[in-house]
Amino acid sequence: MSKNIAVIILAAGKGERMKSENPKALHNICGRPMLDYVLDLVRSLKVQKKVVVLGYKHEVIRKSFVLGQDIAIQKKMLGTADAVKTALGKLKGFKGTVLVLYADTPLLKKETVNKLLKYHIENSLDATLLTAKLDKPQGYGRIVRDKYSVIRAIVEEKDADDFDRDIKEINTGIICFNKDSLEGALKQVRSNNRKKEYYLTDVIKILYKKGRLISAVKIEDINEALGINSQSDLAKANGIMQLRINQELMRQGILIVDPNSTFISYGVKIGQGTVIYPFTVIESSVRIGKRCLVGPFAHLRQGTRLSDDVTAGNFLETVRSKVGAKTFIKHFSYLGDTQVGRNANIGAGTVTANFDGRNKHLTIIKDNALVGSDTILVAPVEVGKGAVTGAGSVVIKNVPDKKTAVGVPARILKKKG
Ligand code: UD1
Ligand code: CA
């Protein structure tokens with residue numbers, strides 16, 4: 001089915017309603033830019049061609065993604081019809097199906113899009129819409145059907161009368177077109193609407209008037225239809241995506257005690273048998289081994305790697321740090337730029353002072369070390385194999401293997417203590 005399909009992704013808009021400096025496509029959902037989800041979806045469809053339409057701050061977006069030649073720049077954001085026209089400039093000579101996706105609809109699943117494409121191609125339609133029935137259709141374009149239930153138009157909310165506004169079936173924005181039919185109709189789109197924009201959705205009434213074949217596939221899971229226009233939509237999308245991520249991890253044998261209060265970024269890898277307690281935040285690129293205990297209230301930031309059987313307990317914060325197998329860090333510690341060996345025990349309240357105001361420095365804690373409660377490790381510094389630090393010590397010099405250091409600043413005791 002992958003033959004003769006081109007995908008156009010519309011990502012030129014500023015996202016006015018986000019009230020943000022950043023282009024909408026760059027806003028994160030579970031630690032990952034919105035546009036990435038749509039690009040992933042397109043990769044999984046294995047289509048012949050892809051064009052991403054960029055406009056607002058396109059240089060910034062370009063730097064964040066590998067888009068190569070597949071970009072069309074929309075000079076003025078004159079509306080979705082104009083954006084599609086811009087993309088078609090890159091598809092000269094292409095014949096077949098054109099699938100339009102919006103960068104602000106990141107929860108869409110590949111199964112749904114494949115179903116839409118299949119239906120469109122098998123029935124040789126001119127346009128096939130992905131629609132959804134919503135109890136609260138506010139903000140979306142409404143699907144208007146004639147007395148035979150054939151789709152005759154999409155009416156944008158701003159242009160809808162009371163009657164149209166009551167319609168619960170909405171346009172998700174995802175539409176398949178026969179390329180020739182689309183091109184012909186686009187020429188007739190005018191901007192005589194409330195927003196003075198060229199609406200892609202107007203193509204539908206033009207095709208209807210020409211007697212062309214229009215149909216729709218209804219989405220089953222309405223969450224997939226969520227269009228992100230505001231910070232509040234973004235928060236909602238985050239919540240939905242988070243539950244998807246947590247469900248997938250649980251399927252892999254990780255216990256997430258309370259999926260509703262556990263925040264794990266997209267792409268985090270966790271080994272089987274690990275338990276994540278509530279109110280834990282795990283950021284992108286973190287790797288956690290098997291049978292670890294994490295949280296409650298742990299914050300594992302970028303560059304954290306936990307080996308197998310690690311306990312990373314209450315109120316722990318880590319960043320750019322590696323922790324060896326079977327090490328315990330059970331109570332409120334901060335480890336930044338730190339390498340901890342195997343079987344070490346990091347006492348309550350241990351803090352690495354990794355930043356001197358200008359640069360970050362490394363702390364190394366070797367295998368079997370016992371770091372006493374409330375130790376401050378002033379980096380760069382090393383705690384040797386099997387070495388011990390006393391409670392409340394401020395360690396500014398390396399502690400040799402098997403030695404004990406105590407006090408402020410810590411001095412090395414002659415004998416192992
Ligand atoms: C659009 C649809 C609406 C649908 C809703 C689904 C139109 C006219 N309306 O409304 O029927 O229910 O999506 O979420 O299409 N964009 C460009 N260039 C432009 C304008 C927009 O690339 O000149 C891009 C935006 O970056 C965005 C997408 O097109 O990714 C949709 O634009 P947006 O302004 O969010 O449309 P909606 O008002 O949500
Ligand atoms: Ca939108």
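Which residues does Leu234 touch, not counting residues up to four places away in sequence? In this predicted model, Leu234 touches Met18, His27, Asn28, Ile29, Met34 and Ile228.

**Surroundings of Leu234**
- Leu234 is part of helix α8.
- With a relative accessibility of 8%, Leu234 counts as buried, because the cut-off for that class is under 20%.
- One of its contacts is Met18, although Leu234 and Met18 are 216 residues apart in sequence.
- The C-alpha atoms of Leu234 and Met18 are 8.9 Å apart in space.

**Calcium ion (ligand 2)**
- Asp104, through OD, and Asn229, through OD1, are the protein donors of the calcium ion, at 2.2 to 2.5 Å from it.
- Asp104 belongs to the loop between β6 (97–102) and α4 (110–122), and Asn229 to the loop between β11 (214–218) and α8 (231–251), so this pair ties together parts that are 125 residues apart in sequence.
- Asp104 counts as buried, at 14% relative accessibility.

**Strand β10 and its partners**
- Strand β10 covers residues 169–178, and nine of its ten residues are buried.
- β6 and β10 run antiparallel and are joined by four bridges.
- Within that pairing, Val100 stands opposite Ile175 of β10.
- β7 (residues 127–133) also pairs with β10 in the antiparallel sense, over six bridges.
- Lys133 has Glu169, in β10, as its bridge partner.

**Ten-stranded sheet**
- Ten strands make up an open sheet with mixed pairing, in the order β12-β15-β18-β21-β24-β27-β30-β33-β35-β36.
- At the edges are β12 (255–256) and β36, each of which pairs on one side only.
- β15, made of residues 275–276, pairs with β18 in the parallel sense, and this pairing has two bridges.
- Opposite Val275 stands Leu293 in β18.

**Nonpolar surface patch**
- Four residues, Phe279, Phe297, Phe315 and Phe332, form a nonpolar patch on the surface.
- Together these four have about 440 Å² of accessible area.
- Phe332 sits in the loop between β24 (328–331) and β25 (334–336).
- Phe297 is located in the loop between β18 and β19.
- The relative accessibility of Phe297 is 39%, so Phe297 counts as partly exposed.

**Positive phi outside glycine**
- Phe297, a member of the patch, has a positive phi, near 60°, and is a residue other than glycine.
- Lys19 is not a glycine either, and its phi is positive at about 50°.
- Lys19 lies in the loop between β1 (5–11) and β2 (28–29).
- Lys19 counts as exposed because its relative accessibility is 75%, where the cut-off is over 50%.

**Cis peptide bonds**
- From Gly295 to Pro296 the peptide bond is cis, and its omega is near 0°.
- Pro296 is in the loop between β18 (293–294) and β19 (299–300), where Phe297 is also found.
- Val408 and Pro409 are joined by a cis peptide bond with omega of about -15°.
- Pro409 is placed in the loop between β35 (404–406) and β36 (411–412).

Technical notes: Residues are numbered from 1 along each chain as its sequence is written. Chains are lettered from A and ligands numbered from 1 in the order in which they are written. This is a predicted model: local features need pLDDT of at least 70, side-chain atom pairs count only at pLDDT 80 or more; totals for chains, interfaces and linings use all residues. Side-chain values use heavy atoms; hydrogens and water are left out. Patches are made of residues with over 30% relative accessible area and no salt bridge: like charges are joined within 9 Å, nonpolar side chains (Val, Leu, Ile, Met, Phe, Trp, Tyr) within 5 Å. Accessible areas come from the Shrake-Rupley method with a 1.4 Å probe; for residues, only the protein chains shown count as cover. A salt bridge is a side-chain nitrogen of Lys or Arg within 4 Å of a carboxyl oxygen of Asp or Glu. Buried means under 20% relative accessible area, exposed over 50%, partly exposed in between (1.4 Å probe, protein chains only). Donors are N, O and S atoms within 2.8 Å of the metal (3.2 Å for Na, K and Ca); water is not among the atoms, so sites may look incomplete. Contact means heavy atoms within 4.5 Å. Two strands pair if DSSP finds at least two bridges between them.
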